[in-house]
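Subject: Structure handover

Hello,

Please find the structure below, with the sequence alongside. My notes on it follow directly after.

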Amino acid sequence: MTTIVDVVNVDKTYRMGTVDVPALRDVNITINDGEFISIMGPSGSGKSTLMNLIGCLDRPTSGDIIIRGRNVNKLSDNELAHLRGKEVGFVFQTFNLIPRMDALRNVELPMIYQELSRAERKAKAKKLLIDVGLGDRMHHKPMELSGGERQRVAIARALANDPTILLADEPTGNLDTKTGAEILSLFKKLNDDGRTIITVTHDPEIAGYSERIIRLRDGKIVGEKYES
Amino acid sequence: MKLPDVLEYVVLDYSNSKFKTTLSSLGIIIGVIAIVVLLSVGEGLQAGVSGAFGELELDTIIVMPGGQMAHTQRQAVKAPAKLTDRDINIIESTAGVRSAAPRNQLYASIQYRDRGSAASVVSISPTKEAVLADSIESGRFLMKSDVYSVVVGHDIAEIAFDAKLHPGMHLTLFEESGEKQEYTIVGILEEWGAGSLFGDPDNQLFVTHAGLQGLADYDSYSQILVKANSVENVEEIANNVDKALSRIHRNEAYAILTLKSFSEAITGVFTMIKYTLAGIGAISLLVGGIGITNVMMLTVKDRVREIGVMKAVGATRTDVRLTFLLESSLLGLVSGVIGIALGAGISLLIGQLGNFPIVVTWSTLLLGLAFGVLTTTVAGVYPANQASKLDPIEALGYE
């Protein structure tokens with residue numbers, strides 16, 4: 001198995017006024033291609049911080065994060081933004097679609113920043129929307145879509161640049177049980193197709209789908225469990 | 001991020017916020033209109049003044065007796081020079097001089113039948129006054145052999161008396177001392193409109209030098225209008241004339257002035273007026289620009305979350321900055337085009353309604369457009385920078 005993400009001795013400290021607040025302490029994780037990992041833990045345990053670091057939205061205070069052999073600390077801001085757009089696909093609890101744009105254009109957005117041609121983007125966005133079951137909703141704006149549909153658009157968007165990892169932060173948190181289950185089975189299907197997925201969640205249901213559960217408490221890894 | 005994609009994004013935003021966009025553009029549109037209108041009015045004023053001088057007059061050098069005021073008390077006051085035909089000959093043989101036309105002038109009462117009026121009567125050498133000769137409307141111009149013949153300016157012929165004056169009619173002129181003389185009208189001048197520095201031909205009468213002797217005895221001229229053979233060398237030729245005249249008028253005073261220096265001074269003043277007017281336009285643009293900055297700041301604030309999403313899906317700082325900057329510049333471009341179109345229209349309308357000289361030039365329009373775009377671009381820099389600096393994590397958590 002290939003290692004795609006290496007988190008090595010990572011500390012992350014936030015400065016709140018004059019006080020340093022440690023969010024992560026000496027975290028080490030190795031993520032292999034094709035894994036389905038859940039990061040669990042109570043509020044304030046540092047799981048969102050960890051996700052932001054793996055997602056290249058932030059840099060560690062110390063330690064290294066290596067994504068496909070590239071050390072995040074050694075990249076410029078613009079290089080980091082580019083890496084993020086290329087290697088990471090985000091799925092958020094609140095979907096975070098751009099309300100002014102229809103579904104198709106929302107899915108196109110990450111490809112615009114990777115400078116794909118117009119024709120290429122349109123074709124790819126259409127295919128992705130069809131894959132998530134929204135072939136007939138492409139020209140609807142987020143407001144015209146149900147919660148589950150919005151999250152499908154967000155997933156299609158996350159997959160736009162064929163990223164190395166799909167990062168999902170409480171992806172079912174704003175959905176009812178039935179819709180949540182549908183989204184989960186979509187994740188399962190993507191994982192079966194070989195996609196690496198990391199979710200941050202409270203939901204034991206999601207954890208049930210994953211192959212590995214990493215538990216965090218007070219910024220430290222307190223448990224790691226492989227599901228059979 | 002490629003430029004066409006940024007444009008597409010920006011245009012998409014316009015179509016979603018027409019009202020806000022229109023409102024914020026108004027300040028810029030008004031500013032551009034102000035610049036175009038004020039510059040056009042300024043250009044018109046300038047063109048009007050230059051037109052009054054005309055090409056024909058810029059090559060003119062005026063020689064007058066007396067002249068310069070004593071600069072200090074100690075400076076000896078010279079007697080005024082008597083300008084005679086000898087001076088005419090000297091001037092005409094000076095290098096660069098095409099012709100020298102002597103004039104005298106007096107103010108006289110005019111009587112036509114039982115009606116009276118008054119005007120200045122100018123005596124001229126008919127063969128040397130080609131410009132006047134060319135502006136005859138009816139009848140003929142004066143001839144060298146004419147004595148008691150008169151050519152009448154347009155306004156005197158049209159409005160000074162109950163009846164319009166025509167060639168063939170007789171006028172009696174009275175000089176202050178009581179001398180009087182009857183003259184026959186031989187021609188009427190067409191309308192000059194704007195006056196010239198030599199007076200207002202519309203309100204003057206023209207006679208020959210011999211003809212003026214009937215009213216007063218003159219043994220010299222009050223003015224010699226010298227035509228230079230090139231406008232460029234007027235100053236140099238004026239110096240030549242001065243040198244030639246100084247030999248025979250050693251202890252007498254005379255003045256030489258050129259219209260070119262005069263017109264340049266006046267043109268300078270009007271250029272200043274023009275740019276002052278444009279400055280007023282620039283102030284309205286500045287105010288418009290502050291409005292744009294304000295609206296762009298609000299736009300950025302409205303879209304904090306969206307900027308977070310843009311960054312999360314791979315937008316660099318440059319992408320974000322470019323997006324907002326271009327949105328602002330495009331606002332300026334559209335407002336600028338509307339502004340110059342309206343500005344040109346309003347300028348022409350003012351010209352039509354006010355019977356006022358208005359000149360709308362391409363450079364005025366380009367300047368207006370450039371200022372519109374520049375203002376909004378500069379106005380967009382700060383908000384665009386703020387947007388690009390947003391921390392994506394905070395932006396995504398923003399409610």
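A patch of negative charge on the surface is formed by four residues of chain B, namely D134(B), E137(B), E190(B) and E191(B). This is a predicted model, and that applies to everything below. As for E190(B), this residue sits in the loop that connects β8 (180-189) and β9 (204-208) of chain B. Its relative accessible area is 34%, so E190(B) is partly exposed and passes the patch criterion of over 30%.

V334(B) belongs to helix α10 (residues 317-354) of chain B. With a relative accessibility of 43%, V334(B) is likewise classed as partly exposed. For the spacing along a helix, recall that an α-helix has 3.6 residues a turn, so residues three or four places apart point the same way.

Now to chain A, starting with the sheet. Four strands of chain A make an open sheet in the order β2-β1-β4-β5, and the pairing is antiparallel. Which strands stand at the edges? They are β2 (19-32) and β5 (70-71) of chain A; each has a single partner strand, so one side of each lacks a neighbour in the sheet. The antiparallel strands β4 (residues 62-67) and β5 of chain A are joined by 2 bridges. I66(A) has N71(A), in β5(A), as its bridge partner.

Chain A also has a hairpin, made by β9(A) and β10(A), with 2 residues between the strands. Here β9 (residues 212-217) and β10 (residues 220-226) of chain A run antiparallel and are joined by 6 bridges. Among the paired residues are L216(A) and, in β10(A), its bridge partner I221(A). Within the hairpin, D218(A) has a positive phi, near 50 degrees.

The last item is helix α1 (residues 47-54) of chain A. Is this helix mostly covered or mostly open? It is mostly covered, with 7 of its 8 residues buried. Those buried residues are K47(A), T49(A), L50(A), M51(A), N52(A), L53(A) and I54(A); buried here means under 20% relative accessible area. After α1(A) comes C56(A), which has a positive phi near 65 degrees.

Regards

Terms used
Residues are numbered from 1 along each chain as its sequence is written. Chains are lettered from A and ligands numbered from 1 in the order in which they are written. This is a predicted model: local features need pLDDT of at least 70, side-chain atom pairs count only at pLDDT 80 or more; totals for chains, interfaces and linings use all residues. Side-chain values use heavy atoms; hydrogens and water are left out. Patches are made of residues with over 30% relative accessible area and no salt bridge: like charges are joined within 9 Å, nonpolar side chains (Val, Leu, Ile, Met, Phe, Trp, Tyr) within 5 Å. Accessible areas come from the Shrake-Rupley method with a 1.4 Å probe; for residues, only the protein chains shown count as cover. A salt bridge is a side-chain nitrogen of Lys or Arg within 4 Å of a carboxyl oxygen of Asp or Glu. Lys and Arg count as positive and Asp and Glu as negative; His and the chain ends are not counted. The place of a charge is taken as NZ of Lys, CZ of Arg, CG of Asp or CD of Glu. Buried means under 20% relative accessible area, exposed over 50%, partly exposed in between (1.4 Å probe, protein chains only). Two strands pair if DSSP finds at least two bridges between them.
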